[in-house]
Amino acid sequence: MQNDLGDYRKNYQKGELIESNVPDNPIQLFQTWFYEVERFGGVEEANAMTVSTIGLDGFPKSRVVLLKKYTYEGFIFYTNYNSEKGKAIAANPNLCLSFFWPNLERQVIIKGVAEKLAPNMSDGYFESRPDGSKLGAIVSEQSSVIESRDILEKKLKELETTMKGKEILRPDYWGGYLVRPRSIEFWQGRPNRLHDRIRYTLQDDYCWKINRLAP
């Protein structure tokens, strides 16, 4: 079986990315782009990002995770520390985050180093979650092999009964990561495949060097 996709074509013409118009700090540009993606619509979850890690088996692996916060320090997401991605980060904290926003023909690629958030920060976010999400985080031994979905749902019902009327506390195997960026690349689609690519690279003095990359 084969499916030739060679005829798929799209002409990119919704924007431009020029060095003279970008800020010195990439987080400012990210904030502007994120606002514009939300403002103009067409993306159901603008904070959905692909997180790529190097697994314990030596292979890279990517999966979609939701960005929960960004600051001048970096980008924050939450997960199970015992999951496949958690174990990969523990062994090699270097990872890549990427966003694709087709409504504005934009992509952002972030290379950075992940570190666990302070427990009180993870506690604060966990407390803000709906009870169902809290219980789901406790029940799921993320990335482990399970016999069936029925077993998972049974464990959830049992936990719902046990925790009814009680405070649901964050388990110590679940929490957040802060990804401190080392480089951030902004990609803007342009006509004739001559796309704009601007890369920010963090220097030793914590200033950002800006370069244009060939498409």
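**View A. Lining of the second largest pocket, by residue class.** In this predicted model, the lining of the second largest pocket is made up of 7 nonpolar, 1 polar and 3 charged residues. The pocket has a volume of about 220 Å³.

**View B. Residues and strand around the second largest pocket.** The lining consists of N25, I27, Y72, E73, V113, R180, P181, R182, L202, Y206 and W208. Strand 7, residues 174-188, provides the largest share of this lining, 3 residues.

**View C. Centre of the largest pocket.** The largest pocket has a volume of about 420 Å³. Its lining comprises 22 residues. Of these, Y78, T79, K85, Q142 and W174 lie nearest the centre of the pocket.

**View D. Helices and strands in the lining of the largest pocket.** At least two lining residues come from each of strand 2 (60-66), strand 4 (75-80), helix 2 (84-91) and helix 4 (131-139). Strand 2 gives the most, with 5 residues. By class, the lining of the largest pocket contains 8 nonpolar, 8 polar and 6 charged residues.

View E. An unreviewed UniProt entry annotates residues 43-161 as "domain: Pyridoxamine 5'-phosphate oxidase N-terminal".

Note on methods
Residues are numbered from 1 along each chain as its sequence is written. This is a predicted model: local features need pLDDT of at least 70, side-chain atom pairs count only at pLDDT 80 or more; totals for chains, interfaces and linings use all residues. Side-chain values use heavy atoms; hydrogens and water are left out. UniProt positions are given in the numbering used here, feature names are shortened, and annotations may be inferred rather than shown by experiment. On a 1 Å grid over the protein atoms alone, a cavity is a set of points where a 1.4 Å probe fits but cannot get out, and a pocket is an open set with protein on both sides within 12 Å along at least five of seven lines; lining residues have an atom within 4 Å of a point. Grid points are joined across faces, edges and corners, and a volume is the space filled by probe spheres set on the points. Helices (H or I, at least four residues) and strands (E, at least two) are DSSP runs, numbered from the N terminus. Ala, Val, Leu, Ile, Met, Phe, Trp, Tyr, Cys and Pro count as nonpolar, Asp, Glu, Lys and Arg as charged, and the others, Gly among them, as polar.
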